[in-house]
Amino acid sequence: MYNPEIESMDRDRLKDLQLERLKDTVKRCEEMVPFYRQRLHEKGISWKDINSLEDVENLPFTTKDDLRENYPFGLFAVPTREIVRIHASSGTTGRPTVVGYTSTDIEVWAELMARSLMAGMADKSDIVQIAYGYGLFTGGLGFHYGTEKLGASAIPISGGNTKRQIRMMVDLGTTVLCCTPSYALYMAETADEMGIDFKQLKLKSGIFGAEPWSDRMRDKIERLLNLSAFDVYGLSEVMGPGVSIECEEKNGLHIFEDCFLAETINTETGESLPIGEQGELVFTTLNKFGMPLIRYRTRDVTSLSDEPCACGRTHVRMKRVRGRTDDMLIIRGVNVFPSQIETVLMQIEGISPHYQLIVDREAGLDIIEVQVEVSEDMFSDRIRGLEEWQQLIQSEIESYLGIGVKVLLAEPRSITRSEGKAVRVIDNREL
Ligand code: DLL
């Protein structure tokens, strides 16, 4: 199961394995999926033309729109009788995207999740509270199967009912918590209201992902929940959680390269970027059978690094995802990711980690308002100096981003909390 050998494999051997799996994947796509057969044909390329990993650059991209246009099962590479599980992303616009897994896919995914949990300090003896949503979302079931594969004890509590989450943590002695980082913060607040101190609990690590968060947010979570926090990344189209995870170095997320071939590209031109340059992350699955994907454009923005890591793993690392190309706000020509504003906010004493960005257009000009909650203590202490403080925060953000923003200090606990993925941006320009 956990195979340290595969994660610390010599890179040349790893590349041979990837090439063999890449060819097999493209072959299956070409033979079994009419959509891919046509795309490959249009590009005048076949799996037989793949001789090196670099040849991936000649292959066509797949986008979320392709998945939607082939809704529901058009990209499946096996008959539905071989599909044992279907997940879907709800998607805020248009049709959902549907993904199908064969029993082998479920097995591989469970192994990757077990490997992810191990990277996040878990072993057989742990009690793992899975507070990601169970259902069509891949978070809950992904962690569930991984936990069982590892042989640890899964608490399949799903998201929501936060007081019960805390009581379970206390009563069952949870040691590993899995949920979105924003939900972890909400749990910290709820525990505080219940008079429960995390220092008395047995939590040792938290495996948080499914939404962008910053290193500063990590510091807050680690302090408030008294645990070591790991960033886990994934997306349902490619598999679910467990595409990459941080190791104890916490300096980038190792991509499970035996299963996924990663590239970064220039979003505008589609050109492949040299390693180290920031761009849109693109994945080709290497051993997925239900719905293999060729060069899937994630819209997530990051950069890759193949520098050796002190943990001993040889798999490339991706930086924490900065945001999505479609979440990137273009404010008067400047590209702004919510995570950049978060980084500034989290450095300011007395600010709670709850914030929201409201974007509007006034007289043809984009304006951005940063609503951020003041912590309880600061609110009562500084009620008179709030305006000056607001100015200070405003100028900190302005000097970091290089654009004007409006800051609004909100009362403690006034911004809506999330039990899953937090809504950070309200863009009224689209209405
Ligand atoms: O969010 C899978 C997942 C579940 C990952 C639990 C981690 C933990 P989707 O709902 O398809 O799948 O959303 C995928 O979420 O393209 C990113 O934009 C974002 N995302 C996921 N993990 C991270 C992360 C799951 N660690 C989309 N940091 C992805 C930043 C993330 N963004």
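When I say contact today, I mean heavy atoms within 4.5 Å. Keep that in mind. One caution before we start: this is a predicted model.

Let's take the overall build. The protein has twelve helices and 21 strands. Along the principal axes, the C-alpha atoms fill a box of roughly 70 × 55 × 40 Å.

Now the domains. Domain 1 runs over residues 1-326. Domain 2 covers 329-430. Their C-alpha centres are 29 Å apart.

How many residues are in contact across the two domains? On the domain 1 side, 25 residues; on the domain 2 side, 18. Together the two domains bury about 1,900 Å². Of that area, 52% is on carbon and sulfur atoms.

Next, the polar side of this boundary. Eleven residue pairs are in polar contact between domain 1 and domain 2, counting pairs with both residues at pLDDT 80 or more. Which parts of domain 1 supply at least two residues each to the side that touches domain 2? They are helix H8 (181-193), helix H9 (215-225) and strand S15 (323-324). H8 gives the most, with seven residues. And the make-up of that side of domain 1? Nine residues are nonpolar, eight are polar and eight are charged.

Salt bridges also link the domains. There are two between domain 1 and domain 2. Look at glutamate 189 and arginine 417 on your screen. Their side chains meet in a salt bridge, at 2.7 Å from N to O.

Let's step back to the whole structure. It holds 30 salt bridges. One to find is the pair lysine 204 and aspartate 126, whose side chains meet at 3.0 Å, N to O. Why pick this pair?

To recap. We have a predicted model with two domains, 1-326 and 329-430. Between them, about 1,900 Å² is buried. Two salt bridges and eleven residue pairs in polar contact, both residues at pLDDT 80 or more, are counted across that boundary. On the domain 1 side, H8 is the helix to look at, as it gives the most residues there. Thanks, everyone.

Technical notes
Residues are numbered from 1 along each chain as its sequence is written. Side-chain values use heavy atoms; hydrogens and water are left out. Domain bounds come from an automatic or database domain assignment. Buried area is the accessible area (1.4 Å probe) that two parts lose on being put together, summed over both. A salt bridge is a side-chain nitrogen of Lys or Arg within 4 Å of a carboxyl oxygen of Asp or Glu. A polar contact is a pair of N or O atoms within 3.5 Å; within protein, one must be able to donate a hydrogen and the other to accept it, and residues adjacent in sequence count only if both atoms are side-chain atoms. Helices (H or I, at least four residues) and strands (E, at least two) are DSSP runs, numbered from the N terminus. Ala, Val, Leu, Ile, Met, Phe, Trp, Tyr, Cys and Pro count as nonpolar, Asp, Glu, Lys and Arg as charged, and the others, Gly among them, as polar.
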